[in-house]
Amino acid sequence: MAAKKIKVIGGGLAGPEAALQAARFGCQVDLYEMRPTRSTEAHQTSDFAELVCSNSLKSESENTPPWLLKQEMRRAGSVLLTEADASAVPAGHALAVDRVEFSRRVADRIAAEPRITVHREEVTTLDENDPDTITILASGPLTSPALAAELQRLTGADQLAFYDSISPIVDATTIDMDKVYFAARWDKGTADYINCPFTKEEYDRFLDALTTAEAVPAKEWEQIPTASQKRHPERSGETTESKDPEGADIINAVGRLSTSTATLLHESGKLQYFEGCLPIEETARRGRDTLRFGPMKPAGLTNPKTGKWPYAVVQLRQENLRADSYNLVGFQNHLKFGEQARVLRLIPGLENATFLRYGQIHRNSYINAPALLTETLQLKAHPSIMIAGQLSGVEGYTESIASGMLAGRYAAAIAQGITPTPAPRGSANGSLTHYITHAESKRFQPANITFDLLLPLEPELRKKMRDKKERHKLQCDRALEAWAAWLNGVEQNSVHVESAAILSSNTP
């Protein structure tokens, strides 16, 4: 029996990874990306694997959750992570990439794969009854309205959304290097971050300007009615926390694992923000010291000129291999561009800065995975349709690539008549998938990989191991062991299938 064809929708992070994985396992893949035919509110190019918000794929510190997830992905042969490693820029103990180089390398890998056919067109329909095709929907948080409507049709639910943000980028040649210094927090990794130190007076002046700056009015595409507004559209000014079961089965709004539901009302447009990517001005309004204990925390960043920590600090992270641009870490915002120029130039060292990109805000959508998805990322009601990437409820670049990696492997198995084995619960990949498919559906929120998601140690063992680092190391060791065992079984299975296919093709 001939293998089914695989259709991948989305050229961001999860889609290309899924396509490359499925092709690697011998499947024919059609990869669809609507850009440049139709762009989104946040993308600036039509490139594959464009990193919109940041250029960081998180920590490389050993025995941390992001490190563990990436270690598993490397051992499984994640193509995009391989290219991220190859296009890395200095970022202390984090993996950050040259965005342009990363996208170029991913495009080259896709172009070099004869089993992948690229289609630059918008997909507006999903055929759940096509017996010859497995579809991976990895269209991301800015899925087009037509495709979102199709997803609504398949899941029978209303669409909600939360919001994500983009940090500004500054021209490196316009930074006053006499006022800043290079350092990594607590001297972990190399001193790759530029640190802009504040005195108390400078911080107070900056904070006053930030909290009173004029925001961008909410655009029509950002206006998402709450459950109450859907029932009573005449209450145009009302915004409530979304708990309506009518909207619980496709797209949920705002929030993050280990935080309370975050429905934050923006004064100009009553927007709902994702807690993990809160605009800097919203964080500042929570209290005068909130930034000093958050994105402007000075702890561990000793200024070599004074021998002390500054009162507050803004960190700049290298954007590309040429080191000619830096992004302001944690400074995503929703202010007017003119206001951003005025406020950001109050940062010591950036008084005469040229900004190559200002902060922005954009809609971000995701399905209620616990109600809809199996552990192999298939829709429960329509198994030939799979969901991967941020649309599935994982949050973060690395997590999205990991999701695409698994979806591509699962789709390849299904296409070849094999029932896929889910990633083991004990691994980081398996724990992340377990969370999005087993969390309480009425309170489901997107998740990054954290220790909270991994299998906990036995209570007695926890009591004996008082050192948190030792406990975390053991969790990571166990996860890698479970991952290795799973990989070994999957690889053996794929070899048997490939051999059977060759024999079948040679049979007269």
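Visitor: What do the side chains of Glu-399 and Lys-58 do?
Guide: They meet in a salt bridge, 3.0 Å from N to O. The term stands for a side-chain nitrogen of Lys or Arg within 4 Å of a carboxyl oxygen of Asp or Glu. Glu-399 sits in helix α11 (residues 397–415) and Lys-58 in strand β3 (residues 56–59), so the pair ties together parts 341 residues apart in sequence. Helices (H or I, at least four residues) and strands (E, at least two) are DSSP runs, numbered from the N terminus.

Visitor: Before we go on, what kind of model is this?
Guide: A predicted one: local features need pLDDT of at least 70, side-chain atom pairs count only at pLDDT 80 or more, and totals for chains, interfaces and linings use all residues. Residues are numbered from 1 along each chain as its sequence is written, and side-chain values use heavy atoms, with hydrogens and water left out.

Visitor: Back to that pair. Is Glu-399 buried or exposed?
Guide: Buried, with a relative accessible area of 1%. Lys-58 is partly exposed at 26%. Buried means under 20% relative accessible area, exposed over 50%, and partly exposed in between (1.4 Å probe, protein chains only).

Visitor: How many salt bridges does the count come to?
Guide: 25 by this rule. One of them joins the side chains of Lys-179 and Glu-351 at 3.1 Å, N to O. Lys-179 is in the loop between β9 (169–171) and β10 (181–183), and Glu-351 is in the loop between α9 (337–344) and β14 (355–357), so this pair ties together parts 172 residues apart in sequence. Lys-179 is partly exposed at 39% relative accessibility, and Glu-351 is partly exposed at 29%.

Visitor: Which residues are linked in a network of salt bridges?
Guide: Glu-83, Glu-101, Arg-104, Arg-105, Asp-108 and Arg-109. Glu-83 is also among the buried residues of helix α3 (residues 79–86), together with Val-79, Leu-80, Leu-81 and Ala-84.

Visitor: What caps the N-terminal end of α3?
Guide: Ser-78 does, with a side-chain oxygen 3.3 Å from the backbone nitrogen of Leu-81.

Visitor: New topic: strands. Which strands does β1 pair with?
Guide: Strand β1 (residues 5–9) runs parallel to β7 (residues 133–137), joined by five bridges. It also pairs in the parallel sense with β2 (residues 29–32), over four bridges. Pairing here requires at least two DSSP bridges between two strands. Lys-5 has Thr-133 as its bridge partner in β7, while Ile-6 has Val-29 in β2.

Visitor: And how does the chain cross from β1 to β2?
Guide: Through helix α1 (residues 14–24), in a right-handed β-α-β crossover. Right-handed means that, with the strands pointing away from the viewer, the path from the first strand over the helix to the second runs clockwise.

Visitor: I've clicked on Ile-387. Where is its place?
Guide: In strand β16 (residues 385–387). Ile-387 is buried, at 0% relative accessibility.

Visitor: What is Ile-387 in contact with?
Guide: Leaving aside neighbours within four places in sequence, Ile-387 touches Leu-137, Leu-151, Ile-367, Leu-373, Leu-377, Leu-379 and Ser-392. Contact means heavy atoms within 4.5 Å. Ile-367 is 20 residues away in sequence and 8.8 Å away in space, C-alpha to C-alpha.

How values were computed
A polar contact is a pair of N or O atoms within 3.5 Å; within protein, one must be able to donate a hydrogen and the other to accept it, and residues adjacent in sequence count only if both atoms are side-chain atoms.
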